[in-house]
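Trainee: I would like to learn how to read backbone phi values in a model. Can we work through a case?

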Amino acid sequence: MATARKLRVAFIHPDLGIGGAERLVVDAALGLQALGHSVDIYTSHHDKEHCFDETRNGTLRVHHVVPPFPRSWKGKFHILLAHARQLHLTKFLLSSRVDQHDIFFVDQLSTCIPLLRFCGGKRVVFYCHFPDKLLANGAFVEGKVLKRKVGILKRIYRYPMDWLEEATTGQADVILANSKFTARVTMAHFSSLKTSPEVVYPGINIHAYQASVDMTDPDIVQVTSPRPTLLSLNRFEMKKNAALAIEAFFRLRGKPTVPDNMRLVLAGGYDPRLEDNIRTLSNLIDLARACNLTYKVITPSKSSARAPSFPDATSHTEPDVLFLLNFTTGQRSALLQAPSTVALLYTPANEHFGIGPVEGMLCGLPVLACDSGGPTESIVDGQLSERTGWLRTPDPGVWADALEDICRLSEVERAALTRRCKDRAMSMFGMEAMAKAMDVSLREAVDMGAIHTSMKEVGFALAFVVGLILTIIFRL
């Protein structure tokens, strides 16, 4: 029996920082690499002080192609400049690297797909996290978009961007989605797609979460505590709704059955370049103050993004709320594995998938998440004998009641829940399972053979490039 040919796979990801999408790319690359494929990651931004360890320690080959375009101009034109930055990255690939790869794996931004196919002659697999047009137009609730009030100029600006996203996504040879929720929403709002995306759940590196932690590391020491701990892992972005965790924690502390010394740890990626991150952290600290909760803001010792200065942010050695910016892999593992960690709180509503609940389950933690989006596929909420977590409407009072239920679990009930959580995470959401599914999709695309480009498709690619260049010049 012939051995399957190993592929030369190129990942294209716009910003290789710290977040769920970035974790997926890293774990997918690691998984494919473990299967024997040659893997390279190309990105327009990679800060070695603000990234996952595997992208800076040589485990993965990362190529940082610095673009001449900023992320935004005076806080505006983010998506337009994202297209421009990826166009620059695509030009680099087409001019010097395209023949070194058999297949391209693209996620988040689909701008490059027609160029890689029609100009580079390569097949492309696109991984859809969630349609950007739904993220840009307002809060998304399945079945409707709660639109923000925007002016006519913004609507004119977004129209070609939204059309471009749908048109270029449809050019991919294989389209994947991170959940049934995302696949369903994508088909509902991208009417030109002929077939529904295949679902490949994000997987995580199980061994990385089972590895021992050096408890004497100063970075570990500053985040661990014997105090009962509620943990939230999310980027510091408004849409992640970490305020829900603070409000629920505040209400929980008033319940007689809850330990007085319980604390809340809010840990996640923080980028001082992003106004959303800055504003979110500031608002969360204001909320903690309003709830009369003491707090502390810290970063790892080697982080380039130092903790912002806030009144009384460092004076408490045992704060009620600990804000941990840009946690290290060791800090994450220590917090998830700590016997004192009571539960993982996953606060975003209508999340596309959400790797946080899977991380929590893998470490045997009860997970409390919103009853919408991807977490409804990863978490089982039912009879106590079956559940791996609690799915609740994002209301602080409701969440406080659910947290009280978690705190009141007996040792026997908690041990049984821990086993169920670990079994579900390992069987459904391991890196190996994801890598094998992606391997099938990559080979499916490669086996389609050579690309026979029609004049219509060539015209589309040329019009796309010229139009994008003219739009950038006009806007800037």
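**Reading positive phi**

Mentor: Start with asparagine 241, which counts as partly exposed because its relative accessibility is 29% (partly exposed lies between buried, under 20% relative accessible area, and exposed, over 50%, with a 1.4 Å probe and protein chains only). This is a predicted model, where local features need pLDDT of at least 70, side-chain atom pairs count only at pLDDT 80 or more, and totals for chains, interfaces and linings use all residues. Residues are numbered from 1 along each chain as its sequence is written, and side-chain values use heavy atoms, with hydrogens and water left out.

Trainee: What is the phi of asparagine 241 near?

Mentor: First the general idea: most residues other than glycine have a negative phi. Asparagine 241 has a positive one, near 55°.

Trainee: Where is asparagine 241 placed?

Mentor: In the loop between strand 10 (229–233) and helix 9 (243–252). Helices (H or I, at least four residues) and strands (E, at least two) are DSSP runs, numbered from the N terminus.

Trainee: Does phenylalanine 77 count as buried or exposed?

Mentor: Buried, because its relative accessibility is 17%. Phenylalanine 77 also has a positive phi, near 60°. Its place is the loop between strand 3 (61–64) and helix 2 (78–96).

Trainee: How many helices and strands does the chain have?

Mentor: The chain has 17 helices and 16 strands. Of its 476 residues, 56% count as buried.

Trainee: What share of contacts joins residues 24 or more positions apart?

Mentor: A contact means heavy atoms within 4.5 Å. Among contacts in the chain with a separation of 6 or more, such residues account for 70%.
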